[in-house]
Amino acid sequence: AGRATLLAHEMAHLARRDHWVRRLELVVGGLFWWYPLVYFASSRLRAAEEEACDAWVISELPGFNAAYAGALLE
């Protein structure tokens, strides 16, 4: 059950199209590598994406909260 929840988390990234955001982030980071706000925004964006995918897993698989938490800790 733990692996299934982790797979659901990764599928949430695909469904949200986070890989396209990552490419845009790479381009912006390359263009504005000298600007500190880019690094701050990038770290906050990644944290928000992870939180959104975690929330998606919990909402879609409500009976697997403990299994998901255990899989994340492993």
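I take a helix axis as a line fitted to C-alpha atoms over the stretch in contact, and I read angles from 0 to 180 degrees between N-to-C directions. I note that the model is predicted.

Entry: helices α2 and α3.
I looked up how α2 and α3 are placed against each other. Their axes cross at roughly 175° and come within 11 Å. I count angles over 145 degrees as roughly antiparallel, and I therefore record α2 and α3 as roughly antiparallel to each other. On the α2 side I listed Asp18, Val21, Arg22, Glu25, Val28 and Gly29, which meet Val38, Ser42, Leu45, Arg46, Glu49 and Cys53 of α3. By class, the residues of this contact of α2 with α3 are five nonpolar, two polar and five charged.

Entry: nonpolar surface patch.
Helices α2 (18–31) and α3 (36–60) each supply at least two residues of the patch. Which helix gives the most to it? I recorded α2, with four residues.

Entry: helices α1 and α4.
I then turned to helix α1 (residues 2–16) and helix α4 (residues 65–73), which pack at an angle of about 80° with their axes 8 Å apart. Helix α1 makes the contact through Gly2, Thr5, Leu6 and His9, and α4 through Ala67, Tyr68, Ala71 and Leu72. How do the residues of the contact of α1 with α4 divide into nonpolar, polar and charged? I noted five nonpolar, three polar and no charged.

How values were computed: Residues are numbered from 1 along each chain as its sequence is written. This is a predicted model: local features need pLDDT of at least 70, side-chain atom pairs count only at pLDDT 80 or more; totals for chains, interfaces and linings use all residues. Side-chain values use heavy atoms; hydrogens and water are left out. Contact means heavy atoms within 4.5 Å. Ala, Val, Leu, Ile, Met, Phe, Trp, Tyr, Cys and Pro count as nonpolar, Asp, Glu, Lys and Arg as charged, and the others, Gly among them, as polar. Angles under 35 degrees count as roughly parallel, over 145 as roughly antiparallel, 65 to 115 as roughly perpendicular and the rest as oblique.
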